[in-house]
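Let's take a walk through this structure together, from the whole chain down to single residues. Keep the view open beside you as you read.

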Amino acid sequence: MTITPARAAFEATVVRVAGGRPLSGRIPVQGSKNIALHLYAATLLADAPVVLAAAPDIIDTGVCAQILTYTGAHVAVDGGRFAVTPAAAPCPVIHPELGRRVRTTVVLAAAVLARTGQVTFPYPGGDAFCPRLIDRHLAAMQAAGAEVLADATTISARCGPHGVRAFTVDVDTPYGPSLGATVTAMLLAARAPGTSLITHPSIEPEVTETARFLTERGALIHFTGQGLHVSGSDWITGGDFTVAGDRIEAATMIMAAASTGGSIHLDGITASAFPNGLTEALSAAGISLTDDASGGVRAQLNGPLQAIDAATGPHPALPTDTAPQLAAMLTQAHGSSLITERVYPSRNTHIAGLRAFGADISSTGPVIGLRGPIRLRPATAAAEDIRAVTALLIAALAAEGTSTIRGVYHLRRGYGHLLANLAALGADITTTSEAS
Ligand SMILES: CC(=O)N[C@H]1[C@@H](OP(=O)(O)OP(=O)(O)OC[C@H]2O[C@@H](n3ccc(=O)[nH]c3=O)[C@H](O)[C@@H]2O)O[C@H](CO)[C@@H](O)[C@@H]1O
Ligand SMILES: C=C(OP(=O)(O)O)C(=O)O
C-alpha cells in the first residue's frame, strides 16, 4: 500500500503571499472536513456499498481511505466521490502508522469494534496544539462490553462472544460534551442489539449529520432531554449521502476577505449552517451573512471592522476551529478585542506567528487579547496546525508586501483548494518548493 504523502513531503513547500489586495468574488465551499472524517468511520458499519458525495480533497481523506482499505474495505476516491464497500468481516486493526495521523482513529476503531467485537488501534493524531484526551471514547467502548487495554503506543478493545451490547455512557468532559466520543458511542450503539443512551451528547453538526446518515440506513436515533437514544440495527443499508458544506472553511474565507476590506459570495453553504456564535461574532465585527436568491451566502463587510469580545464553546457557540482565523482578522479591527477559548484552553499556537507580522496580541490563560487596527508588516512565519496556518495566511493577505508561510502539510490536511479559492478572489499567492 502506498501511504498518502506524509509531512516530510511538504517540508520544502512554502506559500508566498503578496498581500494588501482586497479580495472579492464568488467561490465554492468544500464538503466539511470534520463531518466527512466522522462519516468515513460510519461507512464501516454498512452492509452494502456507500457513496459519499462532496468528500473534501484533503490529505485526511486519503489517510482515512487507506485506513478503511486496511480493514478490508474496497474504497475508491475520485473527484469528491468517496465510495466504500466495507468488508463483511473487517480486519480488526487500525493501521498503526496511518492511525497516528488523523484525529478520528478512535471513531474508526469504534466502527470496527461494533462490527467485529474487537479492535487494536494506535493513539490518534490530528493537530497537537494541546493535550486531546480520549477517556470518554474508551469509556463508551467499556460500556459497550469491551475490555480495554492500553500501553504506551497501542490500545486494544475486545468484547465477549456476542460482540457489543446496548449501554449507557456519559460523554461530558470539563470542557463540554465531547464531539468525538458522542460519535464513537453512537457507532457502537448503532450495531448493538437494544437501545443505548448517550447522556450529555454533543450536538455539533458532525454528530447530527452522522446520526442522519445512520438513521437513513436503519438505526433509530433521537435526542430527548435525557440524551441521545440509539436503537441498534443488525443491518445498516448503503446508498448515497452528501457531505454538508464546510462551515469552518467558509468562515476562514469570509475572515480572509474581510481582513482585506472585501466581501464575498460562497456557494455550497447556507446562512443557517453557520452556528449562532459564529454569526454573532461576525456580525459584531461588521460582517453580515445573507442567503442569496441565486444560491449560497453573501458575506458583506459593512464598514471598517470593529473589535469584539467572543468566546468559543460547544455548538452553537463560536467554534474553536475559527478562533485563530478570527484573531488574525481582528488585528484589522478598531479597538480592543478578546477571544476566550473554552474548548481547548491552551489552543494558542497562532500567537507567535501573528506577532511576527506585528500584531498586538497576547494571552492570559485561555483569553487572547488584541488591539487594532495594526498595519501588519510582511513576515516569514510557520505554523504547526491547520487553523494556525490559516491565521498566518490571513495576516499575510492583510500585510502590504510579500510574506512566506510554512506549514503546507497542515493546510492541506484541512483545506482542499483554499489557496486556489483565495487566488480566484484576487489574492496574489504562489506555492513553491524551496528545494528547487
Ligand atoms: C466540542 C468541540 O468543539 N469539539 C471540537 C474538537 O472535537 P474532538 O472530537 O476532536 O474533541 P472533543 O469534542 O472530543 O473534545 C472537546 C474537549 O473535551 C476534551 N475531551 C475529549 C474527549 C475525551 O474523551 N475527554 C476529554 O476530556 C478535549 O480534550 C477537549 O478539551 O476538536 C475539533 C478539532 O479542533 C473541533 O472540530 C471540534 O469542534
Ligand atoms: C484541529 C482540527 O482538526 P483535527 O481534529 O483533525 O486535528 C481542525 O479541524 O481544526
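**Two domains, one chain**

The chain falls into domain 1 (7–29 + 245–433) and domain 2 (33–242), with bounds that come from an automatic or database domain assignment. Their centres, taken over C-alpha atoms, are 30 Å apart. Domain 1 brings 18 residues to the contact and domain 2 brings 16 residues, where two residues count as in contact if their C-beta atoms, placed from the backbone, lie within 7 Å. On the side of domain 1 that touches domain 2, helix H13 (residues 408–414) gives the most, with three residues.

Before going further, please note that this is a predicted model, in which local features need pLDDT of at least 70 and side-chain atom pairs count only at pLDDT 80 or more, while totals for chains, interfaces and linings use all residues. Residues are numbered from 1 along each chain as its sequence is written, and chains are lettered from A and ligands numbered from 1 in the order in which they are written.

Stepping back to the whole chain, you will find 14 helices and 25 strands; these are DSSP runs numbered from the N terminus, helices being H or I of at least four residues and strands E of at least two. The radius of gyration is 21 Å, close to the 22 Å that the globule rule gives for 436 residues, so the chain is as compact as a globular protein of that length. That radius is taken over C-alpha atoms, and the rule is 2.2 Å times the number of residues to the power 0.38. Along the principal axes, the C-alpha atoms fill a box of roughly 65 × 50 × 45 Å. Among contacts between residues at least 6 apart in sequence, 72% join residues at least 24 apart.

Now for the inside. Buried residues account for 53% of the 436 residues; buried here means that 20 or more other C-beta atoms, placed from the backbone, lie within 10 Å of the residue's own. The largest nonpolar core holds 147 residues, and Met186, Leu187, Leu188 and Ala395 touch the most other members. Such a core is a set of buried Ala, Val, Leu, Ile, Met, Phe, Trp, Tyr and Cys residues joined through C-beta atoms within 7 Å. Helix H12 (residues 386–398) gives the most to this core, with 11 residues, and each of domain 1 and domain 2 supplies at least three. Leucine 188 has contacts that include Ala110, Leu113 and Val164.

Helix H10 (residues 323–330) is also worth a look: eight of its eight residues are buried, so H10 is largely enclosed by the rest of the structure.

Definitions and conventions: A residue is buried if 20 or more other C-beta atoms lie within 10 Å of its own, exposed if 12 or fewer, and partly exposed in between; C-beta atoms are placed from the backbone. Lists of a residue's contacts leave out its neighbours within four places in sequence.
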